[in-house]
Amino acid sequence: MDHKRFKAFQCNNRIVMAQRKHLEDFLRGRIIGRLECERTQLEVSEELRIAQSVISRLWQRFPDYGNMSRCYSTSRPRVTTPNEDQYLAVTAKRNGRSTASDLSRQLSSATGTTVSRQTVYRRFGHIGLFARRPVRCVPLTTTHCRQRLTWSREHALWTPQQWSCVIFTDESRFSLQSDSRWTLIWRAPGTRYHQENTIERHRYGDAGWLVWGGTIFGSRSDLHVQSVTMTGHIYRDVILEQHVRLFRGAMGAEFLFMDDNARPQRANIVDECLQLGDITRMDWPAYSSYLNPIEHVWDILG
């Protein structure tokens, strides 16, 4: 590349860089002043190292606006005021189960300002409010809480060796139909388990598949899957006879069997089977699902 071509290459680069940067008001004034002195756009472009297209647009806009300042934004103005944004946030926090459409209608009724659902989502995103599914939990009475606390204190000092002899079992129903999990709530990060962000529910009656499993230190049982409701006879003939007895025979008298207080598991025929098999059942407080490690497996699978 010869010297002239190199100089032309440098000149073009400076022009391109100047195009990519916003022109300062002082530089704009210099451009307009030279053009008013009847200098051509090409001459001003070569002198100031600015693309001629930039100078042309500036000169065309100058008679309309009467100044050299850059028009920074041509987008639509913000629909809501800061006070209206605060009204939306307060309303959503008071009633977290309101939908974006509900909040939009409430804002229109209160202030006369009409906004779309997307606008509501954007305003909440700026303050850290997001639509999330509520946490499902079971309702606990004072007696339930006291029993859970007593059980936890009794087992707080257990050694890993003692826990390694316990098989934690549980069944979970996976629904094939909608259970209204699409009902969302507005909540901020870190507030998932707050009381106002949970829904209490006892049973899940939708049709689906029932899955039973057990886990023990260093091992696990096979999964039992069925489409029918669990009964005491099925629990005895399938779960206890085909799964639990194998662990009892392998581990000996130190083996502890944990299951919850569901009706089929507390039937008389189940108690008789455990006694005949010399299987010791761990006492378990009612409504204490989160004390059972396998419950977290169901949560992940769900």
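Figure 1. The buried residues of helix 12 pack against strand 3 (166-175) and strand 6 (208-216). Helices (H or I, at least four residues) and strands (E, at least two) are DSSP runs, numbered from the N terminus. Helix 12 spans residues 293-301, and its buried residues are Ile 294, Glu 295 and Trp 298. Seen down the helix axis, these buried residues fall within an arc of 110 degrees, so they line one face of helix 12. The arc is that of the directions from the helix axis to the C-beta atoms. Buried means under 20% relative accessible area, exposed over 50%, and partly exposed in between (1.4 Å probe, protein chains only). This is a predicted model: local features need pLDDT of at least 70, side-chain atom pairs count only at pLDDT 80 or more, and totals for chains, interfaces and linings use all residues. Residues are numbered from 1 along each chain as its sequence is written, and side-chain values use heavy atoms, with hydrogens and water left out.

**Figure 2. Ser 172 in strand 3.** Ser 172 sits in strand 3. Ser 172 is buried, with a relative accessible area of 17%. Leaving aside residues up to four places away in sequence, Ser 172 touches Trp 209, Leu 210, Val 211 and Trp 298. A contact means heavy atoms within 4.5 Å. Trp 298 is one of the buried residues of helix 12.

**Figure 3. A nonpolar surface patch that includes Trp 209.** Trp 209 is found in strand 6. Its relative accessible area is 40%, so Trp 209 is partly exposed. Together with Leu 223 and Val 225, Trp 209 forms a nonpolar patch on the surface, with about 300 Å² of accessible area in all. Patches are made of residues with over 30% relative accessible area and no salt bridge; like charges are joined within 9 Å, and nonpolar side chains (Val, Leu, Ile, Met, Phe, Trp, Tyr) within 5 Å. Accessible areas come from the Shrake-Rupley method with a 1.4 Å probe; for residues, only the protein chains shown count as cover.

**Figure 4. Phe 124 in helix 7.** Phe 124 lies in helix 7 (residues 117-127). Phe 124 is buried, at a relative accessible area of 0%. Not counting residues up to four places away in sequence, Phe 124 touches Leu 88, Ala 89, Ala 92, Leu 103, Leu 129 and Trp 186. Phe 124 and Ala 188 are 64 residues apart along the chain, and their C-alpha atoms are separated by 9.5 Å.

Figure 5. Val 44, Ser 45 and Leu 48 are buried in helix 3 (residues 41-48). They cover an arc of only 105 degrees around the axis, which puts them on the same side of helix 3. Just after helix 3, Arg 49 takes a positive phi of about 60 degrees. Arg 39 forms a salt bridge with Glu 47, and the closest N and O atoms are 2.7 Å apart. A salt bridge is a side-chain nitrogen of Lys or Arg within 4 Å of a carboxyl oxygen of Asp or Glu. Arg 39 is partly exposed at 33% relative accessible area, and Glu 47 is partly exposed at 37%. A network of salt bridges links Arg 34, Arg 39, Glu 43 and Glu 47.

**Figure 6. Two further salt bridges.** The structure holds 12 salt bridges. The side chains of Arg 236 and Asp 237 meet in one of them (2.8 Å, N to O). Arg 236 is partly exposed at 24% relative accessibility. Asp 237 is partly exposed too, with a relative accessible area of 37%. The side chains of Arg 266 and Asp 259 meet in a salt bridge at 3.6 Å, N to O. Arg 266 is partly exposed, at 29% relative accessible area, whereas Asp 259 counts as buried at 0% relative accessibility.

**Figure 7. Chain totals and confidence.** The protein chain has 12 helices and 10 strands. Of its 302 residues, 34% are buried. The mean pLDDT of the chain is 81, and 82% of its residues reach 70 or more. pLDDT is the predictor's confidence in each residue, from 0 to 100. Over residues 15-21 the pLDDT is below 50; beyond near neighbours in sequence, this stretch has 9 contacts in the model. Where pLDDT is low, the predicted coordinates should not be read in detail.
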